[in-house]
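Subject: Structure handover and notes

Hello,

Here is the structure I promised to pass on. Please open it next to this message. My notes follow below.

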Amino acid sequence: MRKNSKVTQREHTSEHVTESVADLLAHEAPLDYKNSSLNVGGVPGKKIVLEPPENDGRPAWNSKLQYILAQVGFSVGLGNVWRFPYLCQKNGGGAYLVPYFILLILIGVPLFFLELAVGQKIRRGSIGVWNYVCPLLGGIGVSSLMVCGFVGLYYNVIIGWSIFYFFQSFQYPLPWAECPIRRNGSLAIVEPECEKSSATTYFWYRQTLNTTSTIADSGGLNVKMTLSLLVAWIIVCLAVIRGIASSGKVMYFSSLFPYVVLFCFLVRGLLLKGAVDGIAHMFTPKLEKMLEPQVWREAATQVFFALGLGFGGVIAFSSYNKIDNNCHFDAVLVSFINFFTSILATLVVFAVLGFKANLMNEKCVMENGEKILGYLNSNVLSHDLIPPHVNFSQLSTVDYAEIYAVIKTVKEGSFAELSLDPCVLEDELNKSVQGTGLAFIAFTEAMTHFPASPFWSVMFFFMLINLGLGSMIGTMTGITTPVLDTYKVQKELFTVCCCIIAFFCGLLFVQRSGNYFVTMFDDYSAGLPLTIVVILENVSVAWIYGTKRFMQDLEDMLGFRPHAFYFYMWKYVSPCCLIVLITATVIEMAISPPGYNAWVEELAQERFQSYPPWALAMCFSLIVVAMLPLPVVFIARYFNLMSDGSNKLSVSYRKNMMKDISNLEEVDEARSILGKNPGETPSPKPPSQAYLGPPGTNPLENPNSLSPNSCYGTSYQNAISPQPPPPLSPPLPLKSTHG
């Protein structure tokens, strides 16, 4: 203590000491604000660190690269390969990229940044984060966990399908290259169901799924798919059993290998005949499509799910970061990697589909050329209709188009009786295929025409396995991290139990009717609940906790002030966009009849069927169960029927709070020395001006850092906030309150 301090003077004089604690502190040596847990005001030139030391026992990523690959692996999944290209094809080709990119900037990057920031700041999983930000909305984390569970159940089934195709690819010719031959005594006939459809379609519906014709007919377990699902869950379990210590290493391969395969397929695809036609079709913009609201709705939905918002995996991964990690850079980087991956996958898909379309068009020309030749030989058509340069042994698409136009003009009245197809390449390219139809039917059919087709098939399905595995690791982390943060359970045992339970629940999807349940869960278990979860995340941070306070927290944490762009996005634009998206989703669900595409064996075609009443009840039960924690937790905590979660804080935050309490005791002791009442509020000098939002906004009312019960307006930091009290106001108690 300095020689001329007031306490020293008191020992040598009887003069009454009237100076405040602020006067005392003003004469003391400068405090080390960098290490002070009580400083929340912002000191120029100093980076405020409110967090405990990093060695608090929480696991951490081995490297920044490992973390980025984990986030990329989670966000880049099967949707980038079989959903994004379909949406491009359906919604105007290159024109679709414009609304997608705009919404990526307005919704995707800001909300992705928000999730990364809260996870890194609070260093907990989804349940802990939202209990900490606002206990009344603590159900957000539970709903995220529920959705992760639903999605993980059926998503791993798709990995199981890919595993089955992967092992089936090690043979030549590929088993789906030709229709099987049925022998009846001395007769050998092509399987009728296969002949009516195609070899790849037959292999998918009959050999792989052995599907039933309705969802009501379960058909029993499909043994091949059950074993494939078991293998898939074993792989996932081994990848996540030790948390990020094991999954981080897996990500080095599972995140990078798909890019190797995509580049290989792109090079191979560009060398195929018709690849340029497919890519040109994809990038030819139909600008009138941009005026349709449906295009913007589907673009927003794709942006929303492409980044994995609301699942909890993003928050869980970022919670293992160092507190000063530049999560803004991570958000922008991962978002644009995801976007460019979608573009790359679309190039590959359309190059291969262009090749397939040319093959189908040539086959169409050949079959219809034989029809015309038969009509000529039977004098149904006159030889005068055929241009002299046409050679039916080598009939080109251009020559056929010319013949088709002449015959249609001359035989206008009886043209329909000839049953001739136009064989237009554009029609083949316009056939929209998505999801399993693209991966397991269209793409597999194209690969049968590749040289060394088994090699390309092995590579393709191994890529799908790795894409799915990366997403499943993030999904499982979104389940395990919140639970492990909240309860003291053994990580390995809990992970194994989760995988075992998930496998037995997943048997629903490996019945012969299981494909229909995959469609049901995909349509109803995630869409609306996740959208509501994300808008509540946005509102809880931007409107309840406060965007200005959150921006100040980010400046303290990152060492720089995020651009005011994020202030306006979080405060106004993103919530409005999400409200419009929720409204459009509800309207779409109300207008579209709930149902599924069933495979009818007799017709060898898909037919739309409505869900029976019990299945319809199951659809809406998925939505209700996923959203139920939101009102339940709100009501329970509002009426004090449930703890606010502060007693289950992570080790790091318990240490931090003990540090705060210790500092409070020291301050009270100092006041006792001066003759003040313990707990009396000091009158420090006003802190330096903190970030108050964009220029022109109102001053920051309470610039505190993230703290428990912040939506209740009280916290440890609130109690010691260095705001000058009003004159003659009663002293504020130095203690924390919980709701």
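In which loop is Pro173 found? Pro173 sits in the loop between helix 8 and strand 1 (181-184). The peptide bond from Tyr172 to Pro173 is cis, and its omega is near -5°. Bear in mind that this is a predicted model.

The chain as a whole

The chain has 739 residues, and 54% of them count as buried. It holds 29 helices and four strands. Take the contacts in the chain with a separation of 6 or more: 79% of them come from residues 24 or more positions apart. The accessible surface is about 32400 Å². Carbon and sulfur atoms own 63% of that surface.

Helix 8

Helix 8 covers residues 139-168. Its 30 residues should span 44 Å at 1.5 Å a residue, and its end C-alpha atoms are 44 Å apart, so the two values agree. Helix 8 also has a kink of about 25°. The kink is centred on Gly152. Is helix 8 enclosed or exposed? Of its 30 residues, 25 are buried, so helix 8 is largely enclosed by the rest of the structure.

Cavities

How many cavities of 30 Å³ or more does the structure hold? There are four. The largest cavity has about 80 Å³ of space. Its lining includes Val81, Trp82, Leu262 and Phe265. Ala345, Val348, Val349, Leu438 and Ala439 line the largest cavity too. Phe443, Phe460 and Met463 complete the list. Which helices each supply at least two residues of this lining? They are helix 4 (78-82), helix 13 (257-270), helix 17 (327-377), helix 20 (435-447) and helix 21 (453-486).

Two positive phi values

Asn379 has phi near 65°, a positive value in a residue other than glycine. Asn379 is in the loop between helix 17 and helix 18 (397-410). Its relative accessibility is 65%, so Asn379 counts as exposed.

Cys423 also has a positive phi without being glycine, near 55°. Its loop runs between helix 18 and helix 19 (425-429). Is Cys423 buried or exposed? Cys423 counts as buried, because its relative accessibility is 10% and the cut-off for buried is under 20%.

Two more residues to look at

Start with Met642. It is in the loop between helix 27 (629-638) and helix 28 (651-673). Met642 has a relative accessible area of 40%, so it is partly exposed. Which residues does Met642 contact, leaving aside its neighbours within four places in sequence? They are Val633, Ala636 and Arg637. Now find Pro135. Met642 and Pro135 are 507 residues apart in sequence. In space, their C-alpha atoms are 10.0 Å apart.

Then go to Glu370, which is in helix 17. Helix 17 is one of the helices that supply lining residues to the largest cavity. Glu370 counts as exposed, because its relative accessibility is 54%. Glu370 and Phe392 are 22 residues apart along the chain. Their C-alpha atoms are separated by 8.1 Å.

Best wishes

Note on methods:
Residues are numbered from 1 along each chain as its sequence is written. This is a predicted model: local features need pLDDT of at least 70, side-chain atom pairs count only at pLDDT 80 or more; totals for chains, interfaces and linings use all residues. Side-chain values use heavy atoms; hydrogens and water are left out. Buried means under 20% relative accessible area, exposed over 50%, partly exposed in between (1.4 Å probe, protein chains only). Contact means heavy atoms within 4.5 Å. Accessible areas come from the Shrake-Rupley method with a 1.4 Å probe; for residues, only the protein chains shown count as cover. The expected span of a helix is 1.5 Å times one less than its number of residues. The bend at a residue is the angle between axes fitted to the seven residues ending there and the seven starting there. On a 1 Å grid over the protein atoms alone, a cavity is a set of points where a 1.4 Å probe fits but cannot get out, and a pocket is an open set with protein on both sides within 12 Å along at least five of seven lines; lining residues have an atom within 4 Å of a point. Grid points are joined across faces, edges and corners, and a volume is the space filled by probe spheres set on the points.
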